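Trainee: Could you take me through the reading of contacts, cores, aromatic pairs and salt bridges in a model of this kind?
Mentor: Gladly; let us have the model before us.
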Amino acid sequence: MANTWIASDHHLYHRNIIKFERSRNQFGTFSDSGELLTADLDAMNQAIIDAHNSLVSPDDLTYFLGDVCWKPQKAAELLQQMNGRKILLVGNHDKLIPSFVSCFESVHDYLEVKHNGHKLVLMHYPLVDWNGMHHGSMHIHGHVHNGYNGLPGRIHDAAIGGNELRPYNLDDVITNLLQVPPRPHGILSSTNFAG
């Protein structure tokens with residue numbers, strides 16, 4: 001049986017992500033003041049591919065929630081090494097050149113899907129309010145790199161930096177989100193929103 005996975009913010013070929021994201025510090029050397037001196041982008045890219053392929057089979061589907069690659073002209077070579085079918089939700093760093101886009105079954109800015117009876121709202125950016133939120137729909141996003149988005153409700157940040165560079169199993173994410181009560185409309189105030 002095929003599985004479905006969700007992941008964001010791969011930032012393949014992105015030198016500065018090694019400095020900004022603690023889970024990637026191992027791919028760089030730093031000065032005493034914290035300046036990034038060297039970056040092993042090939043090792044980082046390979047670690048991401050290996051982490052993906054350790055979980056994702058050729059029949060599986062992965063939703064990529066944006067910011068896949070810093071150099072889209074090189075992305076196809078790496079994405080072709082990653083198992084499974086792929087759907088892209090465009091991030092702010094994704095440049096939609098033909099060789100990059102051809103790696104995905106479809107490309108979207110925003111997507112609503114049903115998975116095992118659960119409505120999901122997928123987008124690169126975290127949304128304050130999403131379709132069906134008060135009826136229990138779930139929002140899965142990227143962009144904030146596991147930084148607290150401050151939004152209550154059934155919402156999940158799928159940045160791989162918070163999961164040892166691995167994608168998240170979508171069924172596991174849904175199981176976790178079902179433990180959170182749906183957020184009703186109008187429940188976003190300074191008392192329950194850190195932001």
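Trainee: Which residues does V68 touch, once residues up to four places away in sequence are not counted?
Mentor: Contact here means heavy atoms within 4.5 Å, and on that reading V68 touches H10, H11, L12, L79, L88, D94, F100 and F104. Bear in mind that this is a predicted model, in which local features need pLDDT of at least 70 and side-chain atom pairs count only at pLDDT 80 or more, while totals for chains, interfaces and linings use all residues. Residues are numbered from 1 along each chain as its sequence is written, and side-chain values use heavy atoms, with hydrogens and water left out.

Trainee: How many residues are in the largest nonpolar core, and which have the most contacts inside it?
Mentor: In soluble globular proteins, nonpolar side chains tend to be buried together. A nonpolar core is a set of buried Ala, Val, Leu, Ile, Met, Phe, Trp, Tyr and Cys residues joined through side-chain atoms within 4.5 Å, where buried means under 20% relative accessible area, exposed over 50%, and partly exposed in between, with a 1.4 Å probe and protein chains only. The largest such core has 27 residues, and those with the most contacts inside it are V68, L79 and F104. The elements giving two or more residues to this core are α1, α2 (41–55) and α3 (72–79), with α2 giving the most, five residues; helices (H or I, at least four residues) and strands (E, at least two) are DSSP runs, numbered from the N terminus. Apart from this core lies another, of 18 residues, among them Y63, L111, L120 and I140.

Trainee: How should I read the aromatic pairs, and how many does a search of the whole structure find?
Mentor: A pair of aromatic rings is described by the distance of the centres and the angle of the planes. Rings of Phe, Tyr and Trp (its six-membered ring) pair if their centres lie within 6.5 Å, and planes under 30 degrees apart count as stacked, over 60 as edge-to-face and the rest as tilted. The search finds two pairs. For F64 and F104 the centres are 5.7 Å apart and the planes stand at 75°, so this pair is edge-to-face; it links distant parts of the chain, with F64 in strand β4 (residues 61–64) and F104 in the loop between α4 (98–101) and β6 (106–108), 40 residues apart. F100 and F104 are likewise edge-to-face, at 5.4 Å centre to centre and 75° between the planes. F64 and F104 are buried, F100 is buried too, and F64, F100 and F104 form one aromatic cluster.

Trainee: And which side chains meet in salt bridges, and are they buried or partly exposed?
Mentor: A salt bridge is a side-chain nitrogen of Lys or Arg within 4 Å of a carboxyl oxygen of Asp or Glu, and four are found in the whole structure. One of them joins E21 and R24 (2.6 Å, N to O); E21 is buried, with a relative accessible area of 7%, and R24 is buried at 0%. Another joins E105 and R85 (2.6 Å, N to O); since E105 lies in the loop between α4 and β6 and R85 in strand β5 (residues 85–89), the pair ties together parts that are 20 residues apart in sequence. E105 counts as partly exposed at 47% relative accessibility, and R85 as partly exposed at 38%.
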